[in-house]
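Let's take a friendly walk through this model together. Have the viewer open as you read.

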Amino acid sequence: MRAQFAVFCSGCGAVVIKGASAFNRSPTKVFYCDQKCAGLGRRVAKPNAEKAAEKAAYDARYRAENAERLRASKAAYNAATYDPDEARRHRAANAEAIREYRATHMRTPSYRAAKREYDKALRASEYGEFAICHQLLISLERELRSRGTKYQRARARGYYDKPSAQTRKRVCQNHPIH
Ligand SMILES: [Zn+2]
């Protein structure tokens with residue numbers, strides 16, 4: 001009779017009989033009674049939200065690292081399969097659904113917030129490497145405008161200046177010295 005070992009299941013603690021070969025081959029000497037216990041025992045205890053966040057981060061990294069290849073393959077697929085007439089028919093057939101989508105999804109606060117950020121970035125991208133500066137300047141101006149009182153703004157405009165000073169300012173603006 002070949003040698004056998006009685007070990008405890010790492011999951012439920014039941015006694016498991018293992019052959020000498022299986023026992024000796026195991027580097028960890030961790031055993032389970034059945035597949036169910038083994039699966040539970042090897043499961044990584046991590047909340048689903050954490051797993052989803054990790055996967056999302058991995059996906060984002062993957063897309064960034066392979067952006068060029070992905071863009072090229074998508075462009076190739078599109079060039080090979082896109083049919084303008086078919087697309088037009090598809091749009092016409094789904095006109096009602098498209099209208100519905102625009103009326104509901106595009107009015108949600110989350111979409112509008114995302115769109116606002118997208119548009120902001122798009123406008124700023126016109127300034128290339130100074131895009132961040134442009135965005136900061138806009139937000140700074142907005143902040144200053146929101147903080148200033150009506151009186152401060154009127155004063156900065158020269159509303160309270162003496163008539164002579166106003167005239168001087170106007171004349172100098174209209175007839176600049178070159
Ligand atoms: Zn077990």
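## Domains and confidence

Domain bounds come from an automatic or database domain assignment. For this predicted model, that assignment gives domain 1 (4–42) and domain 2 (96–170). Between the centres of domain 1 and domain 2, taken over C-alpha atoms, lie 67 Å.

On confidence, the protein has an average pLDDT of 90, and 98% of the residues score at least 70. The highest mean belongs to helix H4 (residues 67–81), at 96, while helix H10 (residues 163–174) has the lowest, at 77.

## Overall layout

The protein is built from 10 helices and two strands. Starting at the N terminus, the order of elements is β-β-α-α-α-α-α-α-α-α-α-α. The radius of gyration is 35 Å, well over the 16 Å that the globule rule gives for 178 residues, so the protein is more spread out than a compact globule.

Along the principal axes, the C-alpha atoms fill a box of roughly 120 × 50 × 35 Å. Of the 178 residues, 1% count as buried. Among contacts with a separation of 6 or more, 16% are between residues 24 or more positions apart.

## The hairpin

Strand E1 (residues 4–8) and strand E2 (residues 15–19) run antiparallel and are joined by five bridges. Within this pairing, Val7 sits opposite Val16 in E2. In a regular strand, side chains alternate between the two faces of the sheet.

Six residues lie between the strands of the E1 and E2 hairpin, where Gly13 has a positive phi near 85°.

## A loop residue with positive phi

Which residue is found in the loop between helix H1 (20–25) and helix H2 (35–42)? That residue is Lys29, and its phi is near 60°, a positive value in a residue other than glycine. For context, most residues other than glycine have a negative phi. Is Lys29 buried or exposed? Lys29 is exposed, with 11 other C-beta atoms within 10 Å.

## Helix H3

Helix H3 (residues 48–65) has 18 residues. From its first C-alpha to its last, H3 reaches 25 Å, close to the 26 Å expected at 1.5 Å a residue. How many of its 18 residues are buried? The count is zero, and H3 is hardly covered. When you look along a helix, remember that an α-helix has 3.6 residues a turn, so residues three or four places apart point the same way.

Methods:
Residues are numbered from 1 along each chain as its sequence is written. This is a predicted model: local features need pLDDT of at least 70, side-chain atom pairs count only at pLDDT 80 or more; totals for chains, interfaces and linings use all residues. Helices (H or I, at least four residues) and strands (E, at least two) are DSSP runs, numbered from the N terminus. The radius of gyration is taken over C-alpha atoms; the globule rule is 2.2 Å times the number of residues to the power 0.38. A residue is buried if 20 or more other C-beta atoms lie within 10 Å of its own, exposed if 12 or fewer, and partly exposed in between; C-beta atoms are placed from the backbone. Two residues are in contact if their C-beta atoms, placed from the backbone, lie within 7 Å. The expected span of a helix is 1.5 Å times one less than its number of residues. pLDDT is the predictor's confidence in each residue, from 0 to 100. Two strands pair if DSSP finds at least two bridges between them.
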